[in-house]
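Morning, everyone. Let me put one structure on the screen and walk you through it.

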Amino acid sequence: ELLMWEKELLGLYVSGHPYKVYAARLSGIAWPIRDLRQKLKDKVVRIAGVVTQAKKIRTKNNENMVFAMVEDMTGKCEAIVFPRALTDTAPCWEVDQVVVVTGRPQDKDGQPKVLVETAYQVTPDNIEDIVQGSAAFQAGEVAPEPVSQQGVSVHVRATLPESVILRLRTVFDAHKGTYPVYF
């Protein structure tokens with residue numbers, strides 16, 4: 001609360017940073033934002049930080065999208081959340097929410113940006129799930145979403161071969177668990 005008051009009153013964090021609690025645990029799966037420019041040629045990047053601003057707008061097609069500012073302890077960048085990605089990630093885009101974001105990097109207007117594909121809220125309760133799922137998460141092929149009461153969503157790259165997706169479906173169909181799984 002003190003940090004949020006500092007940010008509101010002064011426009012910056014003075015006594016600490018809300019992301020500091022998570023920084024060490026997430027450093028293995030997310031790039032520091034200050035290094036994002038080095039990753040502009042990559043197809044996919046992953047960053048983590050605190051949502052410091054979130055501007056919701058309506059598109060020409062009357063769909064919602066969000067322009068958010070994500071800040072870690074090294075810098076900040078804009079996260080652009082198009083309607084399709086917003087459907088799955090809406091709870092992530094509240095101010096002061098800690099998130100892990102995967103998306104395509106861009107450098108328009110001299111500022112690094114990420115076109116969001118997936119995003120996950122980070123809490124003390126799910127940080128271990130996010131870190132432990134990092135092997136597939138790191139490869140960028142499968143990004144596990146922490147288990148919820150409603151089910152598990154598995155996000156796969158659009159360029160993943162159909163044979164791999166079919167094999168995944170076969171495995172999940174053969175081993176039905178407690179929660180439904182969505183691709």
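Surface first. The chain exposes about 11200 Å². Carbon and sulfur atoms supply 52% of that. Accessible areas here come from the Shrake-Rupley method with a 1.4 Å probe, and for residues only the protein chains shown count as cover.

A word on the source. This is a predicted model: local features need pLDDT of at least 70, side-chain atom pairs count only at pLDDT 80 or more, and totals for chains, interfaces and linings use all residues. Residues are numbered from 1 along each chain as its sequence is written, and side-chain values use heavy atoms, with hydrogens and water left out.

How much is buried? Of the 183 residues, 39%. Buried means under 20% relative accessible area, exposed means over 50%, and partly exposed is in between, with a 1.4 Å probe and protein chains only.

Now the fold. We have six helices and eight strands. These are DSSP runs, numbered from the N terminus: helices are H or I with at least four residues, strands are E with at least two. The order along the sequence is α-α-β-β-β-α-β-β-α-α-β-β-α-β.

Five strands make a closed barrel, running 1-2-3-5-4, with mixed pairing. The twist averages 45 degrees from one strand to the next. Strands pair if DSSP finds at least two bridges between them. Take strand 1, residues 45–58, and strand 2, residues 64–71: they run antiparallel, joined by eight bridges. Val51 stands opposite Val70 in strand 2.

Next, salt bridges. How many are there in the whole structure? Seven. The criterion is a side-chain nitrogen of Lys or Arg within 4 Å of a carboxyl oxygen of Asp or Glu.

Asp42 pairs with Lys39, the closest N and O atoms being 2.6 Å apart. Lys39 counts as buried, at 15% relative accessibility. Asp42 counts as partly exposed, at 30%.

Arg34 pairs with Asp35, with closest N and O atoms 3.6 Å apart. Arg34 is exposed, at 56%, while Asp35 is buried, at 17%.

Then Asp107 and Arg37, where the closest N and O atoms are 4.0 Å apart. This pair links distant parts of the chain, 70 residues apart: Asp107 sits in strand 4, residues 98–108, and Arg37 in the loop between helix 2 and strand 1. Asp107 is partly exposed, at 36%. Arg37 is partly exposed too, at 44%.

Last stop: Val14. Is this residue buried or exposed? Exposed, with a relative accessible area of 55%. Val14 lies in the loop between helix 1 (2–10) and helix 2 (20–26).

Conventions: Axes are lines fitted to C-alpha atoms, for helices over the stretch in contact, and angles run from 0 to 180 degrees between N-to-C directions.
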